[in-house]
Amino acid sequence: MERQDRRFAALLVFGGIAFYFGLTHFNTVGRWAGGLVGLCTPVLIGGVIAFLLNVPMTAIENGLKKLLYRHRPAKANKGLRLLSLILTFVCILVVVALAVLMLIPELRKSIMSVIAQIQQSLPALLDWLYSIGIDTTWMEQQLAAIDYNAIDFKELAGQMITGASNMLGTLVGVVSATVSVLGNALFSTVIALYILIDKENLSRQCRKLLYAFVSPAVGDQVWHVGSLIREVFGKFLGGQSIESCLLGFLMFLALSAFRIPYASLIAVLTAVCAFIPYIGAFLSCGIGVALILLVDPLQAILCLVVYQVVQFIENQFIYPHVVGSSVGLEPLWTIIAVLVGGAAFGVLGMIFFIPVMAVVYTLLKETVNARIERQKAAAAAADILVPPADPETEPGSPDQ
């Protein structure tokens, strides 16, 4: 007991010294913390990349195992793991390339259409401005009032040189920042690859490290929470990705069948915005209708109707089976998660607070069920320990 007291006293003294040093040298500690975070940033980003890529890679690896080991137990094979990782990158590159090939021509067409509509509507807009008493000739008067003879060309040359030097410094800063970002991205990708290839060994090492410093009960609880987070987030990302691709494909088919312009652009926009719960559907629909409204108002109305029909079909028949059961969260808690996440962290909060709420909901449900079971067990034990009263010896019985 005395040894534990000495340890506690030493920990208290050193903790107090560290706290005092942190308060008196706050800027130094802040620089050290910033440098440590900068060193750990590629590792953290690599872990996030590995977590995201693990979802499709695991699905591809399981499919290859079923195909190759159909009549015998599957074996752990690093070659198969590497092939699954390569196929994951290939699938991601194919999806990005298809999205870009579909998106860029439609964006160009949309921009040219908007410019043409503006040029066509500009005379009418100017006439309307003149009709309500707004005179735009002041711009010409301001340009005509400039005295070009009074310009000091030496001062102008100095300003140009100063601006060029500032621009050069900005360009150098942008290039250095770009190189730093690319370097961090490269290191993060390499770290993610190593994590994905050797994830079982890393998981075993982390578990040994955890149980070496905490009690088995605490270690079991921490490991259970980590496994639950990994499972819920993996199911959510996988189901949401599949649902987004299906919705985008259905939207493209429906809009193309009715010959609505910008079908591929609206389909890609719908697939991207589908990751934002509730708000994403209104956002993609509003942008699509606004683009078509510049071309043909009747087509815009038709687009609105077709979009809502496809969205209704997807919400009723696809979403419940693909995403609805993936996180096990009821609609009320989903709405609460979206509201809280959006208010706290914006769009990313709307997306990722749904699995966070699912994890909290699952842990709370497990805790409540465990407490109820303990209460039932305690009540049953109390009934066993206290025998029922004997009617023959109760006060007021006929024998007394």
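Author: Helix 8 passes helix 9 in a right-handed crossing. A crossing is called right-handed if the near helix is turned clockwise from the far one by less than a right angle, and left-handed if anticlockwise. This is a predicted model, in which local features need pLDDT of at least 70 and side-chain atom pairs count only at pLDDT 80 or more, while totals for chains, interfaces and linings use all residues. Residues are numbered from 1 along each chain as its sequence is written, and side-chain values use heavy atoms, with hydrogens and water left out.

The axes of helix 8 and helix 9 (residues 279-293) come within 8 Å and cross at roughly 160 degrees. Axes here are lines fitted to C-alpha atoms, for helices over the stretch in contact, with angles from 0 to 180 degrees between N-to-C directions. The two helices, helix 8 and helix 9, are therefore roughly antiparallel to each other, a label for angles over 145 degrees; under 35 degrees counts as roughly parallel, 65 to 115 as roughly perpendicular and the rest as oblique.

On the side of helix 8, the contact (heavy atoms within 4.5 Å) is made by Leu265, Ile266, Leu269, Thr270 and Cys273. Helix 9 contributes Gly280, Leu283, Ser284, Ile287, Gly288, Leu291 and Ile292. By class, this contact has 8 nonpolar, 4 polar and no charged residues. Ala, Val, Leu, Ile, Met, Phe, Trp, Tyr, Cys and Pro count as nonpolar, Asp, Glu, Lys and Arg as charged, and the others, Gly among them, as polar.

Buried means under 20% relative accessible area, exposed over 50%, and partly exposed in between (1.4 Å probe, protein chains only). Among the buried residues of helix 8 are Leu265, Ile266, Thr270 and Cys273. For the chain, buried residues make up 22% of the 400 residues.

At 72% relative accessibility, arginine 259 counts as exposed. Helix 7 (residues 216-257) has 42 residues and reaches 61 Å from its first C-alpha to its last, close to the 62 Å expected; that expected span is 1.5 Å times one less than the number of residues.

The chain has 11 helices and 0 strands, taken as DSSP runs numbered from the N terminus (helices H or I, at least four residues; strands E, at least two).
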